[in-house]
Amino acid sequence: MSVFAELAQADERALLFSPYGLGGMLDRDDALAFQRALIADAVLTDTVPPGLRNSFERLRQKHALGVIDYEQFTEVADAAIGLYEPALRARFAEFYHGQPIPFTDEEGTAQPLISDTYDDIFDWVRKRTLLLPQRDGRRVRFNGMLTDLMRWARDQRLLRGQRARRHEDLIIDIRNVLSHTRPYHIRTPVEATVEFRDLAEFINQLWGVATPGGNRYPAPASREIMAIGWSPTTGARSIGWAESLNPEEDPSWHWVLLRAVPDDRDVERFDSRYATTRWPADYLWGPGPVADAVAWLNSDGPVADEVDMVDRLYLLRQDSNLLYLPQTPEVFAATPPQQRRGRWRLLRADNPNDAFVCVRGLLQPGENHSNCGCPVQRLASGSWSHVRKKLRLLRPALVPHLPADVRVPTPVPWRRAVEIPSS
């Protein structure tokens with residue numbers, strides 16, 4: 001029976017509450033349209049196998065049924081968690097399609113298997129102790145279950161993003177609770193919608209498709225040429241597209257041009273030598289009067305581009321009791337000799353604030369931050385030269401670049417370093 005047929009059997013006069021408890025009550029048709037609209041753009045890429053796609057679409061139908069049977073939202077939220085492992089199984093089998101899976105035993109003896117079905121693969125690994133080689137050369141145990149499949153997908157770079165990696169750990173924990181205890185519980189329409197959309201992003205990412213504007217696995221963001229201006233006398237400020245600049249505007253204002261994501265709310269405190277914006281922003285020109293800014297735009301013609309929003313590298317310096325803001329690899333590699341002293345840390349994070357918070361936590365006296373849950377990867381620590389060697393392995397084509405030292409003034413001065421309390 002279709003969703004519409006089931007709804008037709010409901011009381012024609014029934015009114016359904018808005019899932020957010022706002023705006024009074026919705027009639028049946030409006031409630032159905034509202035719920036369907038929330039997940040309408042959560043669509044799987046064409047390369048996802050039919051079996052997995054059918055399971056996913058069944059959840060979409062159950063989500064709509066929540067307007068007449070509230071507990072269907074709980075079923076959708078829980079079942080979405082349960083589909084992560086089948087998705088990984090399908091991707092694993094497809095990844096090695098027609099070629100030997102490079103299993104070895106604990107002694108390093110090859111135990112290859114060629115199979116196109118995960119049932120055969122799982123039967124192979126559950127009867128023996130097998131290892132899979134990692135990209136870094138290590139061999140790790142593979143038992144075919146969710147945790148090992150998630151680690152495999154990460155190692156093969158099918159999954160990306162440090163915040164998403166923490167979410168994947170949470171998915172494993174929740175799935176285990178639901179599988180082994182499953183206490184009675186109710187989950188809301190909002191939770192069902194979020195779980196469904198997160199699952200769509202996860203599956204699409206496994207098959208190599210990031211989600212534009214995604215919450216977990218976002219596609220690269222577009223950067224435009226932006227202009228930030230301020231009055232040195234009144235402190236007034238303006239932020240907008242550079243193409244909108246008028247050369248006839250107040251010549252006393254100072255302007256800076258940069259390439260940035262337009263809706264990055266942190267761009268107002270742009271700093272050319274430190275990562276103070278949520279998404280990467282590149283210094284282009286300034287500061288100077290508006291007429292000069294327009295002339296430069298007309299002569300140099302900078303163009304927009306796209307930038308990946310996750311898994312970026314950041315470097316932080318601790319000099320005595322001062323911890324400096326994160327820097328990009330390009331700026332770090334061009335650091336003047338007099339600014340290289342102290343201890344440096346190289347981290348991978350989705351935004352600079354995550355990296356800064358983690359390092360500051362490490363340095364806070366009296367806190368045990370060694371096994372933190374921060375969404376970062378700590379890659380190296382030591383002197384500038386030591387960390388630079390590690391960076392060169394990760395970015396062999398890196399071109400050092402030290403831009404002009406430019407900071408956009410803010411009502412509250414933005415410090416480049418914070419003091420770490422003494423123990």
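**Buried residues and salt bridges**

Trainee: Why is R187 called buried?

Mentor: R187 has a relative accessible area of 13%, and buried means under 20%, with exposed over 50% and partly exposed in between (1.4 Å probe, protein chains only), so R187 counts as buried. This is a predicted model, in which local features need pLDDT of at least 70 and side-chain atom pairs count only at pLDDT 80 or more, while totals for chains, interfaces and linings use all residues. Residues are numbered from 1 along each chain as its sequence is written, and side-chain values use heavy atoms, without hydrogens and water.

Trainee: What makes D78 and R187 a salt bridge?

Mentor: Their closest N and O atoms are 3.3 Å apart. The term requires a side-chain nitrogen of Lys or Arg within 4 Å of a carboxyl oxygen of Asp or Glu, so the pair qualifies. D78 lies in helix α4 (residues 71-82) and R187 in the loop between α8 and α9, so the pair ties together parts 109 residues apart in sequence. Helices are DSSP runs of H or I with at least four residues, strands runs of E with at least two, numbered from the N terminus.

Trainee: How do you know that D155 has no salt bridge?

Mentor: The nearest side chain of opposite charge, R135, is 5.5 Å away. Lys and Arg count as positive, Asp and Glu as negative; His and the chain ends are left out.
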